[in-house]
Amino acid sequence: MSEAPVDLARELMVQSLAAWRVAGAVQRSRDGAIVICGARKDIRIDAAPSDPMFRWTVTIDGRKRGAISVVGVLRQVREALDPGYAASRVRVALTPLVPY
Amino acid sequence: MQADVIPISILTGFLGSGKTTILGHLLRQSGFSRTAVIINEFGEVALDHELVGASEDSFIELKTGCLCCKIRTDLVQTLQDMLQRRDAGKCSPFDRMVIETSGLADPAPILQTLMTDTSIAGRLVLGGVVATVDTVTGASTLQREDISQKQVAIADKIVLTKLDLNGPAEPALLRRLRELNAGAPVLSADRGKIDSQCLFSAGLYDPHAKSLDVNSWLAEEPRSHARHNADIQAYTLVRKEPIGAVTLTLFLETLAEHCGADLLRLKGIVNVAESPDRPAVIHGVQHVFHAPAWLKRWPSDDRSSRIVFITRRVPQRWVEALFEAIDAEVADVSVGR
């Protein structure tokens with residue numbers, strides 16, 4: 001994985017904490033991981049380039065889980081930090097946007 | 001194209017904001033003939049039907065509850081019945097429908113119902129959403145009533161009413177409307193009188209020209225109208241570079257997943273990398289999205305992607321950061337990193 005997705009994932013976490021109105025700070029550790037501290041749980045997000053399945057590893061209070069994309073990382077982080085979160089499943093409208 | 005696909009528009013606005021007065025005048029205009037009207041009134045005694053002074057057989061009143069929460073199934077049943085009667089020649093042959101919501105109704109669930117119900121799919125196409133705002137009490141109503149803000153925020157067009165009582169709209173009211181929905185044109189009704197053509201031409205599909213008017217429908221404002229501490233915000237995500245289909249899909253899915261009811265409305269035109277000559281038009285209400293509609297060509301020389309967001313407590317910077325993170329990851333994967 002190149003550096004850009006990691007930097008942008010860090011920025012996404014910063015903006016997400018603000019959007020969810022959740023306390024905490026987001027930092028890059030010396031080994032390049034994204035670390036969220038001062039929140040309800042301690043979270044560490046590592047890029048996992050050697051793994052063919054998961055691009056990220058998310059460690060929450062010591063428990064490791066893989067995430068297939070930054071979208072999966074975001075879901076895990078929100079579930080850990082935002083107790084009121086209930087995901088909405090996207091639905092595709094049946095009516096056409098314009099007549100066929 | 002199917003010959004009998006009917007545009008359906010929503011007339012919304014807070015209690016006493018002049019919806020029924022406008023509808024009463026519209027029903028007397030020749031340009032508004034061949035329109036079926038559904039009125040939803042919240043209360044024990046329904047009066048609006050009497051006030052509009054119409055008794056056409058394509059005029060239905062839904063009472064006993066509010067459309068947005070209690071009687072959505074009644075709405076679908078009513079729409080089905082009206083379409084069946086029209087097809088069977090048992091009522092006036094309308095070619096447009098308008099729903100006047102109750103003043104307390106949230107228009108978003110009504111839009112969702114129209115988008116997702118299998119029994120009316122294919123027969124109806126979303127027209128515009130028109131919101132009335134009373135210039136006498138509108139400013140205080142917008143300050144006090146969340147539902148009033150939502151009605152304005154979701155609208156494609158806003159109509160100022162009661163100007164005869166209060167004179168021109170106060171700058172503070174106009175400023176508030178702009179904060180809530182900068183893109184929507186603000187029209188005025190003179191004692192309820194307004195041209196039906198300019199009012200209900202707010203949708204993407206123009207039934208008269210049988211064409212798509214994307215620029216008018218988007219009515220985008222390039223600047224953000226987000227305010228500090230404002231719950232409802234409108235802003236536009238603009239991207240000069242084409243957007244990959246995978247990025248767009250992941251982005252919309254994630255918005256729906258995380259924003260849900262706070263994504264009041266999203267509409268946009270997108271330069272999809274895999275389809276450079278045929279832009280995609282996208283539309284979502286809360287977590288319900290249309291499949292993209294593919295235009296035959298770009299409506300202007302501007303080939304940038306423009307996505308208009310109307311949200312509640314969803315910061316613009318979060319939306320931008322989400323898009324950038326997904327886009328960078330998809331780009332990374334596509335080159336095998």
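Let me begin with two helices of chain B, where α11(B) passes α12(B) in a right-handed crossing, meaning that the near helix is turned clockwise from the far one by less than a right angle. Helices here are DSSP runs of H or I with at least four residues, strands are runs of E with at least two, and both are numbered from the N terminus. What we are looking at is a predicted model, in which local features need pLDDT of at least 70 and side-chain atom pairs count only at pLDDT 80 or more, while totals for chains, interfaces and linings use all residues. Residues are numbered from 1 along each chain as its sequence is written, and chains are lettered from A and ligands numbered from 1 in the order in which they are written.

The two helices pack at an angle of about 145°, with their axes 9 Å apart; the axes are lines fitted to C-alpha atoms over the stretch in contact, and angles run from 0 to 180 degrees between N-to-C directions. On the α11(B) side the meeting residues include F251(B), and on the α12(B) side they include F323(B).

Turning to the neighbouring chain, 43 residues of chain B are in contact with 31 residues of chain A, contact being C-beta atoms, placed from the backbone, within 7 Å. Of the side of chain B that touches chain A, the largest share, ten residues, comes from α12(B).

Finally, β6 of chain A, residues 91-92, pairs with β13(B) in the parallel sense over two bridges, where pairing requires at least two DSSP bridges between the strands, and V288(B) is the bridge partner of R91(A).

Technical notes: Two residues are in contact if their C-beta atoms, placed from the backbone, lie within 7 Å.
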